[in-house]
Amino acid sequence: MTEPVTTEKTVPPATTEAVVRIEGLRKSFDGRLVLDDVDLEVDRGRIVSVIGQSGGGKTTLMRCVNLLEQPDRGTVEVAGEVVHREGRTVCRDLPRLRRTVGMVFQRFNLFPHLTAVENIVLAQRKAGVAEPEALERAVALLRRVGVAHRGLALPDQLSGGEQQRVAIARALALRPEVLLFDEPTSSLDPEATREVLGVMRELAAEGMTMLLVTHELPFAREVSDHVVFVDGGRIVEEGRPQDVLDHPAQARTREFLTAYGSVS
Amino acid sequence: MSGLFQVPWSDYRSDLLDALGRTVSYTVVSFVGAVLLGLAVALLRLNRAWPARAVAAVYTEVFKNIPLLAIIFLTYFGLASAGIRLDVFTAGCLSLVVFYAAYLSEIFRSAISGVHTGQTEAGEALGLGKVGIFVHVVLPQAVRQALPGTNTMLVDLLKSTSLLVTVSAAELMSEGRLITSATFRALEVYLVISALYFALCYPLSQLLLLLERKVRAGIPLSPRRRRRVRAARALLAADLDTRTDREEAVV
């Protein structure tokens, strides 16, 4: 099988079809409001970055997309299908929804008892991909993210950067319509961060639809089509990266960017 | 030495072999039962519904705090006097199962809850489904955690089958008592019986240690995993080789 295994788009990236659409999202944990009336849209082929302080609700917002968290109110729509409405999951096939949405975690979360290649094969097999094809796909993806030479290593034998690249390969293996990145470089050193951002940059160039929670503001500016600043559970400001990151309109955004050394 | 060994052992060879076989049968049947029941109790204890947790907790505490011998007497003599007459093999296995399940459930519970929540989340995010996550993600990692404690329990269970001498279970210890009453050579007989237990337990525990090490090193043990890793190795051959060459070239 020599068919390209990645996410090469035949659709030009400028279509306005929303892969993720969130409306009026509200979520609280033990009475503490974490997200309040949040709207978010990620169009096909677009890259949306969510920035903001830790504990501001960014990660929760992302986890509501594949329903790792159940919103209290609002609607979540993925690939044209409403999956959650007003506190009720209406998606009948949750595993299928989650295969549509790939996710990369801050702490990698590779399966420690399986080799890199097996980590990528497992979910494919459960999704009904035949063994030989699943293996071919896993190997091709490992080559793509540059860790094929470590394909038979266990996660704890891999460096952080290698683990995260394997995790990206694992998420890509199910050919998701959108990839979620939850602070993918926050637990990595600068060298590993560079490796992982390199892979993400390539995905961006290929037109992969991505929703990204990050503290890497220069990277967000470079790859994003749209930047969302979340604070205190609300979207404070959003727009083109050069507007939000370089000429923020809101005082709160300026404060945050100054703290991160991005605006003088 | 000729003073110590005077029992005509060749006369007892087939009886001893039978007894040995019975000890092994008690061990295997009871251990399998105890693992299954222990896993069920552990899952109940991790259940979201509190009545399930309560039932499991009561079970564990009761059987952890009663001597095994008391359980054996209860199932064999106690139940019989209440009209439930179990044969000695059933009663013996039942006693060992309920007793060891209590300990194993504790080991399993801590092993299962020790698997990081990020693992379950990764499984969910990959659409593995509840059963898939348990079978392919949680269980293998829990087994790795539970293996040392479980192995200790297996060897302990094997030795505990000797308590079944009290209900004449015809296992190794009972056979020893029989030979002693026929020959009055207690020291010699029980030395031999002890040696037989050692000959069973020592290789078993060494084998289990080896298994522990293999599992810890992530060596694929199931045929399916072996096939998969072998196929992957073939596909990755070029990548693995070139890298080694380059590394060697650098050195």
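Reply: Happy to! A helix here is a DSSP run of H or I with at least four residues, and a strand is a run of E with at least two. This is a predicted model. By that count, residues 84-104 of chain B are 81% helix and 0% strand, and the end C-alpha atoms of this span lie 27 Å apart.

Me: What makes residues 24-44 of chain B helix or strand?

Reply: That stretch is 100% helix and 0% strand, with end C-alpha atoms 30 Å apart. The unreviewed UniProt entry annotates residues 24-44 and 84-104 of chain B, among others, as "transmembrane region".

Me: How do you know that the span of helix α2 of chain B agrees with its number of residues?

Reply: At 1.5 Å a residue, the 15 residues of α2 (residues 50-64) should span 21 Å, and the end C-alpha atoms are 21 Å apart, so the two agree.

Me: Why are the buried residues of α2(B) said to line one face of the helix?

Reply: Buried means 20 or more other C-beta atoms within 10 Å, and in α2(B) that picks out B:Ala56, B:Thr60 and B:Phe63. Seen down the axis, they fall within an arc of 85°, so they line one face. They pack against α1 (9-45) and α4 (88-113) of chain B. On the other side, B:Trp50, B:Pro51, B:Val58, B:Glu61 and B:Val62 are exposed.

Me: And chain A: how many helices and strands are there?

Reply: Chain A has nine helices and eleven strands. Its radius of gyration is 18 Å, close to the 18 Å the globule rule gives for 264 residues, so chain A is as compact as a globular protein of that length.

Technical notes
Residues numbered from 1 in each chain as written. Chains lettered and ligands numbered in written order. Predicted model: local features only at pLDDT ≥ 70, side-chain atom pairs only at ≥ 80, totals over all residues. Expected span 1.5 Å × (residues − 1). Buried ≥ 20, exposed ≤ 12 C-beta atoms within 10 Å, placed from the backbone. Arc of directions from axis to C-beta. Contact = placed C-beta atoms within 7 Å. UniProt positions renumbered as here; feature names shortened; annotations may be inferred. Rg over C-alpha atoms; globule rule 2.2 N^0.38 Å.
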